[in-house]
Amino acid sequence: MSLIEQIDKDRVPEHVAVIMDGNGRWAKQKSMPRVFGHKNGVKAVRSTIETAGEIGVKALTLYAFSTENWNRPKLEVKTLMSLLVSSLKNEVKNLQKNNVKLQAIGNLNLLPEKARKELNEVINLTSNNSGIILTLALSYGAREELTQAFQKISQKIVNKELMPEEITEKVINNHLYTFTLPDVDLLIRTSGEQRISNFLLWQIAYSELYFTDVLWPDFGKEDFLKAILNYQNRERRFGKTSEQIEKIDNE
Ligand code: IPE
Ligand code: IPE
Ligand code: MG
């Protein structure tokens, strides 16, 4: 049986998030500059979006650039930003064809004007698509996201629009950039690093974590399907016992 045939259609994760890592090392292995790795990472992005849509994932969130990544060499940052613009231009047709709805999270004000403009254009163009929701995390940091949420909530308290005892998990969730998305079911990180690097801290509270040594430019359809199958072999207990979960499953 092929990998895709092994997927249980009833247990596809609703929200998959990916830390796309290892472009620099991929290029280094080939004695090429780091940006060569970034350029070759684009096809892995395309294949991941297509495969996720194909198997029925509802939301896919890709970590493309972190708040910390602004500290990289100027030339690398510049190239990543132009790559964002060219990829958006090149991929818009594919996104439309696959019925993908694009959105973005992060401190987008920091993006160069051109990138912000292109991003907004594609977001508008795809806004009526009803397929997979693709969220690009750009200039994104989870601590920054939480900080701005606390600031907005505090302002509401000062304005007497909200009482402190009314701050619930739901209220906090509603002030995050990801307020329209369900919690992350599966978090994938490529390149062998086993860390979160300031990605979606609140939203991954009960995610299944999947780490693979594959470097991002090499991450293909089969690799994504392997991650999904691995996820489907896990038991998500959410604090309960295995016996309780089996009982619910059998009901
Ligand atoms: C991920 O690849 C892409 C970004 C963070 C923008 P890296 O550029 O981090 O590649 P490595 O980790 O140095 O190999
Ligand atoms: C995390 O990768 C950010 C993205 C994939 C966009 P990094 O390569 O920047 O993470 P660290 O610094 O190695 O943890
Ligand atoms: Mg890295």
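Trainee: How do you know that S5 and strand S6 (residues 208-211) pair?

Mentor: Four bridges join S5 to S6, and the two run parallel. Strands pair if DSSP finds at least two bridges between them, so with four bridges S5 and S6 count as paired. Within this pair, Arg 189 stands opposite Phe 211 in S6.

Trainee: What kind of model is this, and how are its parts numbered?

Mentor: This is a predicted model, in which local features need pLDDT of at least 70 and side-chain atom pairs count only at pLDDT 80 or more, while totals for chains, interfaces and linings use all residues. Residues are numbered from 1 along each chain as its sequence is written, chains are lettered from A and ligands numbered from 1 in the order in which they are written, and side-chain values use heavy atoms, with hydrogens and water left out.

Trainee: What makes a stretch a strand or a helix?

Mentor: Both are DSSP runs numbered from the N terminus: helices are H or I over at least four residues, strands are E over at least two. Strand S5 covers residues 186-189. Leu 186 and Ile 188 point one way from S5, Leu 187 and Arg 189 point the other way, and all are buried.

Trainee: Which other strand pairs with S5?

Mentor: Strand S1 (residues 15-19) runs parallel to S5, and four bridges join them. Ala 17 stands opposite Leu 187 in S5.

Trainee: Why is Arg 236 called buried?

Mentor: Buried means under 20% relative accessible area, exposed means over 50%, and partly exposed is in between (1.4 Å probe, protein chains only). Arg 236 has 19% relative accessibility, so this residue counts as buried. Its place is in the loop between helix H8 (221-232) and helix H9 (242-250).

Trainee: What makes the approach of Arg 236 to Tyr 231 a polar contact?

Mentor: A polar contact is a pair of N or O atoms within 3.5 Å; within protein, one must be able to donate a hydrogen and the other to accept it, and residues adjacent in sequence count only if both atoms are side-chain atoms. The side chains of Arg 236 and Tyr 231 are joined by a polar contact of 3.1 Å. A polar side-chain atom of Arg 236 also lies 2.8 Å from the backbone oxygen of Tyr 206.

Trainee: Why is Ser 191 called buried?

Mentor: The relative accessibility of Ser 191 is 8%, so Ser 191 counts as buried. Ser 191 is found in the loop between S5 and S6. Its side chain makes a polar contact of 3.2 Å with the side chain of Asp 21.

Trainee: How do you know that S4 is largely enclosed?

Mentor: Strand S4 (residues 133-140) has seven of its eight residues buried, so S4 is largely enclosed by the rest of the structure. Strand S2 (residues 59-66) pairs with S4 in the parallel sense over seven bridges. Strand S3 (residues 101-105) also runs parallel to S4, joined by five bridges. Ala 137 in S4 stands opposite Tyr 63 and opposite Ile 105.

Trainee: Which residues are around ligand 2?

Mentor: A residue is near a molecule if one of its heavy atoms lies within 4 Å of it. The residues around ligand 2 include Tyr 63, Phe 65, Arg 195 and Ser 197. An oxygen atom of ligand 2 lies 3.2 Å from a polar side-chain atom of Asp 21. For Asn 69, a polar side-chain atom lies 2.9 Å from an oxygen atom of ligand 2. For Arg 189, such a distance is 3.3 Å.

Trainee: What is around ligand 1?

Mentor: The residues around ligand 1 include Met 20, Gly 22, His 38 and Leu 80. A polar side-chain atom of Arg 34 lies 2.8 Å from an oxygen atom of ligand 1. An N or O atom in the side chain of Arg 72 is 2.7 Å from an oxygen atom of ligand 1.

Trainee: Why is Asn 99 called partly exposed?

Mentor: Asn 99 has 28% relative accessibility, so Asn 99 counts as partly exposed. Asn 99 lies in the loop between helix H4 (74-97) and S3. Its phi is positive, about 60 degrees, although Asn 99 is not a glycine. Most residues other than glycine have a negative phi.

Trainee: Why is Ser 197 called partly exposed?

Mentor: Ser 197 counts as partly exposed because its relative accessibility is 30%. Ser 197 has a positive phi of about 50 degrees and is not a glycine. Its place is in the loop between S5 and S6.
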